[in-house]
Amino acid sequence: MTQTAPGKADMKLFWACFIALVATSFVFGVRANSIGLLQDGFNLSEAQKGNINGAGMWPFAISIIFFSLVIDWIGYKTVAIFAIACHLVSLVLTLNATGYESFYWSTLLVAVANGTVESFINPVVATVFSKEKAKWLNILHAGWPAGLALGALFCALFPNTTLFFDAVWKFRFGLCFIPVVLYALLILPCKFPVNERVAAGVTYRDMLKEVGAVGFFIIGFLMYFAIMQMAGKDASLTASLIAGAVIGLLAGLYTMSPGNWLFILVLIIIGPLATTELGTDGWMPELLKLNGPFASGESNVTFAAWVFVYVSTIMTILRFYAGPIVHRISPIGLLVLGSAVAIAGLMFLSKSVGWAIVAASTVYAFGKTFLWSTTLGLTSEQFPKGGALTLNGVSAVGVLFLGVLGSPFIGYQQDKDMHSRLSNGHTALLTKVEGAAKPTIFGSTPGLDQEKIKALDAASANELNAVQADSKRGAFTNIAVLPAFMLVCYLVMLFYFRARGGYKPVAISQEPEADPGF
């Protein structure tokens with residue numbers, strides 16, 4: 001079923017949403033590629049740097065959930081204006097930052113703005129292009145890698161240097177005003193449509209039923225953990241589970257629904273998906289620094305930035321051409337194919353050194369390109385009664401899972417692998433650098449003492465670098481388990497849809513053939 005050609009007003013609104021997403025990822029990309037420079041210039045500790053990265057993540061996910069719950073009451077235009085205001089104020093605060101505390105709060109406000117943008121653009125595009133949601137959500141989310149590529153590109157053109165510290169970092173963040181002002185000028189004249197759920201008369205309670213007790217348990221568990229970390233407190237696994245159980249129980253009592261089982265499966269998949277895509281991106285600079293084609297680690301750092309631009313450009317182009325692929329093999333078929341290629345790319349990365357990393361990154365880019373955006377397309381097509389909540393809840397859970405479990409798990413496995421490699425054949429070196437064990441949510445893990453590493457002689461430092469290079473490559477083998485799990489889940493979904501006569505989008509007024517609960 002194809003949709004008639006969109007009108008000029010529809011396309012103006014679409015491009016306004018597209019540029020808004022470019023603005024969010026541009027700011028995100030500039031900060032990610034400037035945090036090392038800021039650490040040196042502001043004399044930030046590793047813990048402070050981690051807190052800033054957390055401030056850029058948690059409010060993003062929390063604001064998505066909050067506005068998804070109220071956006072149909074307060075209006076999409078109101079939420080869009082709030083996002084614009086937060087972006088402008090946060091950038092002014094950023095440019096006036098003088099150290100850790102001021103930069104932390106400006107980063108937190110940027111994250112609120114970014115999450116607010118995400119909360120309105122997805123349901124707006126799904127409503128405007130209600131017959132081709134997967135296609136247009138893929139095109140919309142080409143804006144994410146496009147913004148990342150542009151942000152990384154400008155940072156590569158103006159490389160890190162503490163000699164002109166203030167000029168460099170302020171110029172980088174000053175450039176963020178360009179996409180923000182542009183999307184503001186595009187958004188303000190636009191008229192926003194009524195969400196298809198509201199237009200169809202689906203009640204607020206029926207929207208919540210799609211998420212249900214189990215879905216709210218997952219969201220509550222992850223949000224409690226994130227809020228505690230934002231407050232600077234440790235969140236135990238037990239306390240987080242209790243908080244999630246309470247929220248899930250209250251949601252269950254109100255909706256009298258455990259949730260749509262297929263949506264719950266999507267929520268379970270999105271965590272490994274986010275870790276596969278965004279978590280791997282976080283490890284790429286270290287892989288290239290230690291295994292890149294240049295002898296100098298600093299040269300490999302610059303090379304890593306250009307590889308990041310290259311991969312993001314591939315993703316941008318491919319998402320623009322997702323329509324014919326989705327039409328031919330369906331969203332679920334594209335997810336099966338993408339996860340299989342992502343596994344191959346990660347295994348390739350685990351064996352690659354030098355220029356071969358570029359080839360491996362290319363394969364991996366082809367695999368991961370459609371995973372996130374097509375998941376949003378599938379969610380909007382299969383759960384239209386969930387409105388903004390189901391569509392945006394998927395993104396929020398992905399980001400929360402990455403921060404709460406995904407990235408910490410990668411680090412936990414990396415620490416264990418590094419200690420194991422040093423214990424087998426490098427015991428003398430291990431004695432020189434071994435540090436105290438570090439507590440994690442997954443249990444205690446052995447650590448290395450960074451001060452001892454800095455004091456190593458040249459021969460020992462080279463030996464440690466060689467072991468770390470092997471360990472960094474090996475991490476991608478562990479990460480490959482995640483898309484393998486996703487592939488199994490997608491195949492289950494594929495067979496489920498085939499048993500029902502093939503993949504078909506659900507019409508908002510269409511009653512399900514069977515009880516959507518467990």
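The model is predicted, so local features need pLDDT of at least 70 and side-chain atom pairs count only at pLDDT 80 or more, while totals for chains, interfaces and linings use all residues. Residues are numbered from 1 along each chain as its sequence is written, and side-chain values use heavy atoms, with hydrogens and water left out. Helices (H or I, at least four residues) and strands (E, at least two) are DSSP runs, numbered from the N terminus. Buried means under 20% relative accessible area, exposed means over 50%, and partly exposed lies in between (1.4 Å probe, protein chains only).

**Helix lengths and burial**

- Helix α8 covers residues 143–157, and its 15 residues reach 21 Å from first C-alpha to last, close to the 21 Å expected at 1.5 Å a residue. The expected span of a helix is 1.5 Å times one less than its number of residues.
- α8 is mostly covered, with 11 of its 15 residues buried. Among them are Gly143, Trp144, Pro145, Ala146 and Cys155.
- Helix α17 (residues 356–368) has 13 residues, which should span 18 Å at 1.5 Å a residue; the end C-alpha atoms are 18 Å apart, in agreement.
- The buried residues in α17 include Ile357, Ala360, Ser361, Tyr364 and Lys368.
- An α-helix has 3.6 residues a turn, so residues three or four places apart point the same way.

**Packing of α4 and α5**

- Helix α4 (residues 58–74) packs on α5 at an angle of about 120°, and the two axes are 7 Å apart. This makes α4 oblique to α5. The residues making the contact are Phe67, Ile71, Asp72 and Ile74 on α4, and Tyr76, Thr78, Val79 and Phe82 on α5.
- Axes are lines fitted to C-alpha atoms, for helices over the stretch in contact, and angles run from 0 to 180 degrees between N-to-C directions.
- Angles under 35 degrees count as roughly parallel, over 145 as roughly antiparallel, 65 to 115 as roughly perpendicular and the rest as oblique.
- Contact means heavy atoms within 4.5 Å.

**Buried residues and their surroundings**

- Leu91 sits in helix α5 (residues 76–95) and is buried, with a relative accessible area of 1%. Not counting residues up to four places away in sequence, Leu91 touches Phe173, Cys176, Phe177 and Val180.
- Val110 is 19 residues from Leu91 along the chain, and their C-alpha atoms are separated by 7.4 Å.
- Asn195 occupies the loop between α10 (177–187) and α11 (196–199), and is buried at a relative accessible area of 4%.
- The side chains of Asn195 and Tyr76 make a polar contact at 3.2 Å. A polar contact is a pair of N or O atoms within 3.5 Å; within protein, one must be able to donate a hydrogen and the other to accept it, and residues adjacent in sequence count only if both atoms are side-chain atoms.
- Leaving aside neighbours within four places in sequence, Asn195 is in contact with Asp72, Tyr76, Pro123, Thr127, Gly387 and Ala388.
- Ser339 belongs to helix α16 and is buried, with a relative accessible area of 0%. The side chain of Ser339 reaches the backbone oxygen of Leu335 at 3.0 Å.
- Ser339 also touches Leu371, Pro483, Leu487 and Tyr490, with residues up to four places away in sequence not counted.
- Val168, in helix α9 (residues 165–174), is buried at a relative accessible area of 11%. Val168 and Arg197 are 29 residues apart in sequence and 47 Å apart in space, C-alpha to C-alpha.

**Strands β1 and β2**

- Strand β1 (residues 434–438) runs antiparallel to β2, and 3 bridges join them. Two strands pair if DSSP finds at least two bridges between them.
- Gly435 has Gly447 of β2 as its bridge partner.

**Positive phi outside glycine**

- Met256 is a residue other than glycine with a positive phi, near 55°. Met256 lies in the loop between α13 (237–255) and α14 (261–291), and counts as exposed at 67% relative accessibility.
- Ser330 is not a glycine, yet has a positive phi of about 75°. Ser330 lies in helix α16 (residues 322–350) and counts as buried at 16% relative accessibility.
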